[in-house]
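Open the model in your viewer and keep the selection tool handy. We will go from one stop to the next, looking at what surrounds each selection.

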Amino acid sequence: MIDLRSDTLTMPDRGMLETILEARLGDDGRTHALERGEDETVNRLEDMAAELTGKEAGVLFPSGTMGNTAAILAWCGPGDKVLVDEQQHLYLSEKAAFDKSIGQMQPVTYRHDEKGRPILEDMERELEKGDIRLVCVENTHNFAGGACIPPEYMKEVCRLAHRYRVPVHMDGARMFNAAVALGIQAEELCRYVDSVMFCVSKGLGAPVGSLVCGSQDFILKVRRKRKLLGGSMRQAGIIAAPAIYALEHNIHRLSEDHENAKCAAENIRDLVHTHMIGETETNILVLDVNELGLTPEEYCRKAREKGLLIKPVLSDKVRLVFYKGITREEALVAASIIRELEKMAKTGELFG
């Protein structure tokens, strides 16, 4: 079975796991200066994250959902309006900031273009009203097919938001995929945002963890929100050590996943009734299969019967995600299964 449901399925290798045995541990929940804990490995990871993103400070979270939620809670209060992409993951899937029992914030949406970039006119229309407290962007854009927002475009988003004195938060869960695909350093993507969250537990291959980075004052607020959300941890160096290994060893190898995704895309590009969303820039393929006469859930069930595990997304799409451990041969087999499903739909075999 070829499992392309998510890059969260990436498994740590032996070298990564061995770092846990050598990690210098302490109680990350017992804080001192700048409200940092006593776990030396966590502190090293947070310093590394700040340096990589070009920010003053960073803080470790057990999940990207908690990281995004804490960041938004640090920027906003109950009832505040947050400007988000209408297909943004933290809006459609995470939801905590907008839940009536948690964040209680009001989402205001903008659209993205065919390249997954925010439509600036949409943003300005809402910013002009004067009641937006935070702008959120996603890079790479998950449901837009892993699309990258390049730094020159991020600069325009930043200029627009700051013109109205509104900060920008980037959900950079797969930020390093964007940086590798664009051939730049992560800091260049983060230069035009006020805060950023990125995951180490997706394509980078660490078992657990995400980090939020920003100014020192902002991160102090985020640390307090993390505690409120139950995110304070004890000997979290066992999480931080594999994360450090991931950042030191696994960033550049993300290009392998991108090439496998592009290989699969090239082998299904000529299909008439199976349509790819956006360009294939990173490790994600999003497919529109509605013309085959199947729901996304039905399509995924048929794919599983052929040996391919994939996931329905949004209300009408399916997604394939490539990651460490998925080979070029498996990418080609996945493409051949997609081709076979379209052929079977044409002949009516899928409905038998």
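**First stop: an aromatic pair**

Select Phe 176, which counts as buried because its relative accessibility is 4% (buried means under 20% relative accessible area, exposed over 50%, partly exposed in between, with a 1.4 Å probe and protein chains only). Before going on, note that this is a predicted model, where local features need pLDDT of at least 70, side-chain atom pairs count only at pLDDT 80 or more, and totals for chains, interfaces and linings use all residues. Residues are numbered from 1 along each chain as its sequence is written, and side-chain values use heavy atoms, with hydrogens and water left out.

**Next: the aromatic pairs**

How many aromatic pairs does the structure hold? There are three; rings of Phe, Tyr and Trp (its six-membered ring) pair if their centres lie within 6.5 Å, with planes under 30 degrees apart counted as stacked, over 60 as edge-to-face and the rest as tilted.

Select Trp 75 and Phe 218: their ring centres are 4.4 Å apart and their planes at 25°, so this pair is stacked. Phe 218 is buried, at 4% relative accessible area.

**Last stop: Gln 88**

Select Gln 88, which is buried at 0% relative accessibility. Apart from neighbours within four places in sequence, Gln 88 is in contact (heavy atoms within 4.5 Å) with Tyr 110, Cys 136, Val 137, Glu 138 and Asp 171. Show the backbone oxygen of Val 137 as well: a polar side-chain atom of Gln 88 lies 3.2 Å from that oxygen.

Conventions
A polar contact is a pair of N or O atoms within 3.5 Å; within protein, one must be able to donate a hydrogen and the other to accept it, and residues adjacent in sequence count only if both atoms are side-chain atoms.
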